[in-house]
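Here's a quick briefing to read alongside the model. Have a look at the structure first, then we'll walk through the main points.

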2 protein chains.
Amino acid sequence: MIMIKRIGKYTLKFLDEPKITGFGSVAGKKEAEGPLGKNFDKIFYDPRAGQKTFEKAEILFQQEALTAALGRADRRAEDIDMVFAGDLLNQCISSSYGMKEFRAPYFGQYGACSTMAQSLILAAIAVSSGAARLSAAVTSSHFCTAERQYRMPLEYGGQRTTTAQWTVTGAGGCLLEPQGRAPSLAAAVIGKITDLGIKDMNNMGAAMAPAAAGTILDFLSDSGSSVRDYDLILTGDLGRVGSECLYNLLEREGVDIKGRHNDCGKMIYGENQDVHAGGSGCGCCASVLCSTILPDMISGKYKNILFVATGALMSPVSSWQGSSIPAIAHLLNIQAP
Amino acid sequence: MIMIKRIGKYTLKFLDEPKITGFGSVAGKKEAEGPLGKNFDKIFYDPRAGQKTFEKAEILFQQEALTAALGRADRRAEDIDMVFAGDLLNQCISSSYGMKEFRAPYFGQYGACSTMAQSLILAAIAVSSGAARLSAAVTSSHFCTAERQYRMPLEYGGQRTTTAQWTVTGAGGCLLEPQGRAPSLAAAVIGKITDLGIKDMNNMGAAMAPAAAGTILDFLSDSGSSVRDYDLILTGDLGRVGSECLYNLLEREGVDIKGRHNDCGKMIYGENQDVHAGGSGCGCCASVLCSTILPDMISGKYKNILFVATGALMSPVSSWQGSSIPAIAHLLNIQAP
């Protein structure tokens, strides 16, 4: 009996629908002050979280997110057969240092802001195939570690463009198991790298929107479903600018998602929080999913959603060398228990 | 019918044994001048490979390795259902820019020098589960891109310690399919992060040896097999120093691999090539596997091998902040057709 069936050209259907039996979320001060503030499992008001460096704080975020997920699923670290984790830092150190305490078989992932969806898909394949009885997906980001790695020292106080996004300080972690009364992963599309030639590192929403549009269209076509079959189409962190681009791209193909769309980068901060185009980072969609969306599926608010996380796969070096920004979007169809 | 069975605590047994139907290798000038020089599919004598930058050259290496693998398997890029690729560069740009031309569903991997084994295990799980009919694993490294990212500008001419390793300029790519007369993946162990407190970035062999020892012992214990069941136990890039550490660690547990062990980092360069402790980098074990070991399995030289790739999961930032080096080792049991 096969457990994963390919439908159409790009869609994987998980016949046994792996269950998200545990989830945990961590947020920083700014995120705690936003509209989702009361939903996070753990909030660190100090950007160093009592550690010596911002990087060590982000490592702690990953540990706390996974610990909260284990607590919710009533599981222990020793039960984890495979963990997929990733972050934005060079050599993914938030993940490697964060996960080493758990002593679980480990695979480091890099998909920029799409890493949570990437990790969830791989964790689902692992559980569906029998390779893991319990798998985990964990990602994080931190405004202060990202700023000093990608942009300028914070003390420099550089001005931000209106299309710029704000890296979320936070993390999310999920546990997947074959059984359980919990939200389940019904299907997925693994994204292809899409590059329409955008080179502006301060407008990543626009760079990522074509990847999101492509993946959503692939899924609708493969599955024979339509936008109205889903309560919510949730993109990762296109932000305000990227979301508008996505609407335009999909409208050209006769698909209107506006009434059912939201974006984690728009949800996590209030209009008054001066974050320009919205939130971003591996911790953005991970913390929104694990603090707000999964509980909303358990409570019955959402029954059937598409979670589409996007990532921009450039680096400062590739940008300095004049290359445009390749982007990717992975999709998960998550269903209520 | 399950396709992947868990044996013991850490071992995955692939019941249908995915086949490595295609493989391709790329090397630079120094590697071409070494003992395996005549085995590589493609050699670039110019470190820029005709591109404007070293990074763009490394991107090309990934493309050439996968193209050679596709050629050997008589497959086209459109046939690839899933590609797992990784490299040492920040944000894994050799992989994202390298793979985008192939337009295949993509998952970026980061496991430092263990990335080829990590990617092969995930590609095998994908094929075994039915998630992919054809999956690919590709990794690369480049002496010049690694030196300028991790160490010093080449022009600085810094002196190297005797325990230092030399980053291999090269790449390897494999294609996996459920059927075919080709070397097959019979079993795997996904490594756990191991950190014994070593902080010297110039002695990574010693930092990685405990991870390799742990993974090998886990596999022998889970599978109930012994060293003499394997023609070759091939580590990724422990080099001369790390290999001696591995022998010592295993001897304490009553396991002697010396007569059957080799290390890709030792094989790729000759004694006269002044590389100190040996080769390293994601391209080291990938290019040795795809140029030499897999052909040797097809020719009958080896029947049953263990391929154990190790990775050091620190970054310059974690080292500057005083953290020790976490290491990992993934194991694959590869059998001749």
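Let's start where the two chains meet: 50 residues of chain B are in contact with 50 residues of chain A, contact being C-beta atoms, placed from the backbone, within 7 Å. This is a predicted model, where local features need pLDDT of at least 70, side-chain atom pairs count only at pLDDT 80 or more, and totals for chains, interfaces and linings use all residues. Residues are numbered from 1 along each chain as its sequence is written, while chains are lettered from A and ligands numbered from 1 in the order in which they are written.

**The interface**
- Helix 4 of chain B gives the most to the side of chain B that touches chain A, with six residues; helices (H or I, at least four residues) and strands (E, at least two) are DSSP runs, numbered from the N terminus.
- That side of chain B splits into 28 nonpolar, 16 polar and six charged residues, where Ala, Val, Leu, Ile, Met, Phe, Trp, Tyr, Cys and Pro count as nonpolar, Asp, Glu, Lys and Arg as charged, and the others, Gly among them, as polar.
- 100% of the interface residues of chain B are also interface residues in chain A, so the copies meet through the same surface.

**Chain A overall**
- Chain A has ten helices and 15 strands.
- Of its 337 residues, 65% are buried, meaning that 20 or more other C-beta atoms, placed from the backbone, lie within 10 Å of a residue's own.

**Strand 7 of chain B and its neighbours**
- Seven of the seven residues in strand 7 (residues 135–141) of chain B are buried.
- On one side, strand 5 (residues 82–86) of chain B pairs with strand 7 in the parallel sense over five bridges, a pair needing at least two DSSP bridges; Phe84(B) has Ala137(B) as its bridge partner.
- Strand 9 (residues 170–177) of chain B runs antiparallel to strand 7, joined by seven bridges, and Val138(B) stands opposite Gly173(B).
- Val83(B) touches Met99(B), Phe102(B), Ala104(B), Tyr106(B), Ala136(B) and Val138(B), leaving aside residues up to four places away in sequence.

Methods. Buried ≥ 20, exposed ≤ 12 C-beta atoms within 10 Å, placed from the backbone.
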